[in-house]
Amino acid sequence: MNLPPLYAVLCFSVVGRKSSVKLAAEELHVSPAAVSQQIAKLEKTLGIQLLIRSTRRIELTEAGKTYLRDVEPALRRIADATQRVTRAPERLAITVSCTVGFAMQWLLPRLPGFQALEPGVDVRINTTNRLVNLLTEEIDFAVRHGSGTYPGLEVERLINDRLHPVCSPSLLPGGARLSAPLDLASFPLLHDEHRRDWVMWLRSVGADDVDPNQGPIFVESKGAIDAAVAGQGIALMRKSMVRDELSSGKLIIPFHPAIETPIAYYLVYDRTVLLQKHAERFRKWIIAQADADQREFS
């Protein structure tokens, strides 16, 4: 392969583009004399004159114009290839769609465990209350709260531990506990986006005299939890969603009737996502986390 000195070719390319040795030297961060030496070296190697030099300007010869036209694309390809081979490899990523409440109360506290196992995989959390289109919106996994019926998608149950009333100890002075579900009529009920939960719970424990619709409604479960911690009322939550608040004493369970519910949190995905090995590892990890919670809180 008969190649000229590449640095000399680069100098010639910049001079030809700038029509100035001085400006080319400034771009290359060398002296004008060094640029002129490289051009002379290239002309000697090629055996042709590339530039017409005058006191005021630099012009390309016809051979110089042809040579510049041919070598510039090659130099760009060399620059692009160098950038591709030297830049850091792209990190693997997984995108998970879920509500803010699920992200804050369940997923984020556990996520460091996955990142310790898979330090080369980024988990990107897309928080929304709407049903996303997994394929058109480039979502790998969605966590959905419902009956588990999502046609055309793979569905695995994540969280289905029982629903418990929870409140701040400050709501019940002296460390008292409620004696019966009917006592709930004396307190605001805190609702999140799953407002039907209180209806199901009160019906199951026979508290028909308690209005299931009274009390403030929050867009996210995190809002209802924060209000409960602040002593503003009683929320209805799964233990796995308020594990930290219960263990720290910020929340208590005022009495223990709890119900099974047909509504649960499900992991939903298109089966093709599992062709990515890091996605399959994430699926196994999140299912294992949910199974551990089920054993702990069942």
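Select aspartate 270 and threonine 272: their side chains are joined by a polar contact of 2.4 Å. A polar contact is a pair of N or O atoms within 3.5 Å; within protein, one must be able to donate a hydrogen and the other to accept it, and residues adjacent in sequence count only if both atoms are side-chain atoms.

This is a predicted model, where local features need pLDDT of at least 70, side-chain atom pairs count only at pLDDT 80 or more, and totals for chains, interfaces and linings use all residues. Residues are numbered from 1 along each chain as its sequence is written, and side-chain values use heavy atoms, without hydrogens and water.

Stay on aspartate 270. The loop between β10 (264-269) and α9 (277-297) holds this residue. Helices (H or I, at least four residues) and strands (E, at least two) are DSSP runs, numbered from the N terminus.

Aspartate 270 is buried but has no salt bridge. Buried means under 20% relative accessible area, exposed over 50%, partly exposed in between (1.4 Å probe, protein chains only). A salt bridge needs a side-chain nitrogen of Lys or Arg within 4 Å of a carboxyl oxygen of Asp or Glu. Now show arginine 271, the nearest side chain of opposite charge, 6.4 Å away. Lys and Arg count as positive, Asp and Glu as negative; His and the chain ends are not counted.

Next, jump to glutamate 138, in the loop between β4 (121-127) and β5 (141-146). Its phi is positive, about 55 degrees, although glutamate 138 is not a glycine. Glutamate 138 is exposed, because its relative accessible area is 66%.

Finish at serine 19, between α1 (6-18) and α2 (21-28). Its phi is also positive, near 55 degrees. Serine 19 has 43% relative accessibility, so it counts as partly exposed.
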